[in-house]
Amino acid sequence: MDTLNLLLDGFAGALTLENLLYAAIGVLLGTFVGVLPGIGPAMALALLLPVTYGLDATQALIMFAGIYYGGMYGGSTTSILLNTPGESASVMTAIEGNKMAKKGRAAQALATAAIGSFIAGTIGTLLVAFFTPTIATWAVEIGAPTYFAIMLLAMVLVSSVLGASRLRGFIALAIGLTIGLVGLDASTAQARLTGGSLELADGIDIVVVAVGVFAIGEALWTAAHLRRRPIDVIPVGRPFMGRDDWRRSWAPWLRGTALGFPFGALPAGGAETPTFLSYITERKLAARRGGSNEFGEGAIEGVAGPEAANNASAAGMFVPLLALGLPVTATASILLAAMQKYGIVPGPTLMTDQPDLIWTLLASLLIGNTLLLVINLPLAPVWAKLLRVPRPQLYAGILFFACLGAYSVGQSSFDLLLLLVFGCLGFAIRRFGIPVLPLILGVILGPLMEVKMREALDLSGGAVSGLFNEPLAIFVYVLVVLAVVVPPLIARYRPPALLEHHDQHHDEEVS
Amino acid sequence: MAIVIGFIPDKYGEAALAHGLEEAARRQTGVVVVNTTKGDALVDNRYLGAEGKVTLEQRLADSGVEHEIRQTMGGDVADEILAIAKDVAADAIVIGIRHRSPVGKLIMGSVAQRVIIDATCPVIAVKPA
């Protein structure tokens with residue numbers, strides 16, 4: 001029970017009054033931004049990254065962990081009360097959750113989402129604690145060629161599997177990789193894509209890119225669609241569950257966790273797939289059980305399952321991030337950037353170099369998760385009120401923090417200019433329906449990937465075969481090829497019937 | 001020719017609606033109920049949803065007065081009321097008003113004040129009982 005002891009040590013490190021305060025602030029901020037549609041956890045992290053420069057690494061990570069889990073939870077509130085998912089992972093929750101709310105069972109829907117999130121987050125974090133060391137010891141053995149291959153796999157999966165259009169995914173990836181190239185070449189010190197500008201020689205900071213694309217882009221997009229018909233909100237009291245609700249919820253919670261965690265840990269990450277699978281599973285099981293099948297009219301199982309899957313995958317994301325230094329979601333990319341700022345290099349060596357930090361982080365995830373439940377159950381009506389904040393005031397605040405954050409990166413007005421450029425880029429990709437995730441992943445993974453590729457090629461004296469000389473690397477390349485080839489084949493031989501929900505959501509966004 | 005009523009689903013709107021209906025009956029004319037939002041927040045409790053509109057429609061029908069509901073979105077609330085008053089050549093505008101301290105008025109502005117000052121027809125300002 002070595003892991004358990006280490007985790008208890010982590011608790012000892014995390015459970016100071018000051019740290020708890022940061023966890024509470026993180027959870028509140030996270031829920032705040034999660035509730036507001038269009039502002040996800042990734043954007044919140046990017047905005048708040050500069051604010052935490054004054055803190056030490058542990059406290060900053062604790063706060064980030066709180067923001068992350070809080071954001072995941074906040075999205076479910078909006079889904080249930082408004083039928084407008086706060087973030088993409090809550091799309092499935094909205095289907096049954098909103099119908100429950102319309103039937104006057106909003107309190108139960110919110111409660112099952114909150115408690116399900118708590119259970120899934122707790123189990124997921126414990127799984128991270130048990131898996132990460134194992135994977136890390138294994139990952140020390142693998143060489144640069146395999147790393148390169150795994151990163152390639154992550155990029156291909158994120159660009160082609162998630163989202164509606166593969167072409168758009170790869171366009172986003174190409175833009176991201178290009179941004180990642182700007183600056184001095186690490187080994188030859190040649191300037192690349194700088195256009196002779198000295199300011200660009202250091203490369204473009206990920207914070208400026210993320211804040212620009214997420215915050216400024218979203219603000220411009222909202223400004224372009226400022227006046228919209230208000231949405232009917234369903235009034236809500238304090239969430240609670242009856243005995244029957246508990247009986248019907250616990251199994252979907254566990255099934256959702258089991259579905260969500262592995263998907264979160266895979267390089268293709270994201271919570272969209274597992275929440276979708278969880279919803280389908282629960283609907284099928286309910287149909288088989290017969291009797292009181294409420295699916296389509298507000299079944300509590302349809303909220304409990306996807307919400308648990310959502311949070312379990314949020315926890316699963318930490319496995320590749322901590323063990324391999326490989327971010328698989330936009331939020332993980334920002335977390336990776338945050339760690340780099342503190343001189344922490346996530347990857348196989350992290351577990352041995354800075355075990356205290358990791359175990360404290362994992363312990364604080366568990367604490368944050370508990371705080372989430374304690375704080376948010378009573379506060380649900382307050383969060384619902386948040387939706388009445390007029391957009392001009394809201395986005396003025398976001399713009400303020402965005403500019404502050406971008407400026408604090410290098411104390412240079414040039415960064416503000418860059419921020420505006422990336423803001424316009426963010427607006428453009430929203431306009432043309434290009435996904436954000438591959439772009440951000442390209443910016444952060446591109447340079448890491450280049451380092452590994454250079455390493456592999458240096459070892460082989462420049463021969464391309466250096467990229468293929470590990471059996472595991474070849475195996476991963478086979479997966480890459482499969483990921484590119486198989487989905488179109490499946491789509492060809494099976495009529496697409498399951499994508500309707502995503503399209504529906506998209507239509508609402510556009511109209 | 002009609003009475004224009006500025007309506008929001010709270011006690012101020014109710015007071016305006018009740019008095020507006022009385023006024024319409026006395027003058028033997030119809031009412032145009034205006035419900036409007038700036039549409040700049042995700043949720044606006046002062047804007048009637050589909051259900052609220054049906055309820056209001058039903059209540060107006062029960063009152064027996066010739067009626068029409070106009071919901072607009074996007075503009076300033078006072079401007080919208082005044083525009084509709086002009087459009088239907090209103091006999092009078094009925095609005096509910098609330099108590100505001102001078103400081104409160106400075107921060108929040110006052111829709112009622114602007115309607116009263118800018119209207120070209122009589123304005124009846126009603127306080128809830």
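Guide: Helices (H or I, at least four residues) and strands (E, at least two) are DSSP runs, numbered from the N terminus. This is a predicted model, where local features need pLDDT of at least 70, side-chain atom pairs count only at pLDDT 80 or more, and totals for chains, interfaces and linings use all residues. Residues are numbered from 1 along each chain as its sequence is written, while chains are lettered from A and ligands numbered from 1 in the order in which they are written.

Visitor: What is the phi of B:Gln28?

Guide: About 55°, which is positive, although B:Gln28 is not a glycine. Most residues other than glycine have a negative phi.

Visitor: Is B:Gln28 buried or exposed?

Guide: B:Gln28 counts as exposed because it has 9 C-beta neighbours inside 10 Å. The cut-offs are 20 or more other C-beta atoms within 10 Å for buried, 12 or fewer for exposed, and partly exposed in between, with C-beta atoms placed from the backbone.

Visitor: And where is B:Ala89?

Guide: B:Ala89 sits in the loop between helix 3 (77-87) and strand 4 of chain B. Its phi is also positive, near 50°. B:Ala89 has 11 C-beta neighbours inside 10 Å, so it counts as exposed.

Visitor: Now the sheet in chain B. What is the strand order?

Guide: The order is 3-2-1-4-5, in an open sheet of five strands with parallel pairing. Two strands pair if DSSP finds at least two bridges between them.

Visitor: Which strands stand at the edges?

Guide: Strand 3 (67-73) and strand 5 (123-126) of chain B; each has a single partner strand, so one side of each has no neighbour in the sheet. On average, neighbouring strands are turned by 20° against each other, direction ignored.

Visitor: How many bridges join strand 2 to strand 3 of chain B?

Guide: Seven, with strand 2 (residues 30-37) running parallel to strand 3. One bridge pairs B:Val33 with B:Ile69 of strand 3.

Visitor: Which helix packs there, touching strand 2 and strand 3?

Guide: Helix 2 (residues 50-63) of chain B, whose direction makes about 155° with that of strand 3. Touching means a contact, with C-beta atoms, placed from the backbone, within 7 Å. The angle is taken between N-to-C directions on a scale from 0 to 180 degrees, with axes fitted to C-alpha atoms, for helices over the stretch in contact. Helix 5 (residues 111-118) of chain B packs on the sheet too, touching strand 4 (92-96) and strand 5, at about 155° to strand 5.

Visitor: How many bridges does strand 1 of chain B make with strand 2?

Guide: Strand 1 (residues 2-6) has five bridges to strand 2, in the parallel sense. B:Gly6 stands opposite B:Val34 there. Strand 1 is joined to strand 4 by three bridges, and B:Ile3 has B:Ala92 as its partner in strand 4. From strand 4 to strand 5 there are four bridges, including B:Ile93 with B:Val123.

Visitor: How many residues of strand 2 are buried?

Guide: Seven of the eight, so strand 2 of chain B is largely enclosed by the rest of the structure. For strand 4 of chain B, four of the five residues are buried, so it too is largely enclosed.

Visitor: On to chain A. How many residues has helix 6?

Guide: Helix 6 (residues 144-160) of chain A has 17 residues and reaches 24 Å from first C-alpha to last, close to the 24 Å expected at 1.5 Å a residue. That expected span is 1.5 Å times one less than the number of residues. Of its 17 residues, 17 are buried, so helix 6 is largely enclosed by the rest of the structure. A:Leu152 is found in helix 6, and it counts as buried because it has 21 C-beta neighbours inside 10 Å.

Visitor: Which residues touch the most other members of the largest nonpolar core?

Guide: A:Ala46, A:Met151 and A:Val211, in a core of 160 residues. Such a core is a set of buried Ala, Val, Leu, Ile, Met, Phe, Trp, Tyr and Cys residues joined through C-beta atoms within 7 Å. Its largest share, 19 residues, comes from helix 5 (residues 91-141) of chain A. A second, separate core has 33 residues, among them B:Val77 and B:Ile84.

Visitor: Last one: how many residues does the contact take from each chain?

Guide: 12 from chain B and 15 from chain A. The chain B side has five nonpolar, five polar and two charged residues. Here Ala, Val, Leu, Ile, Met, Phe, Trp, Tyr, Cys and Pro count as nonpolar, Asp, Glu, Lys and Arg as charged, and the others, Gly among them, as polar.

How values were computed:
Two residues are in contact if their C-beta atoms, placed from the backbone, lie within 7 Å.
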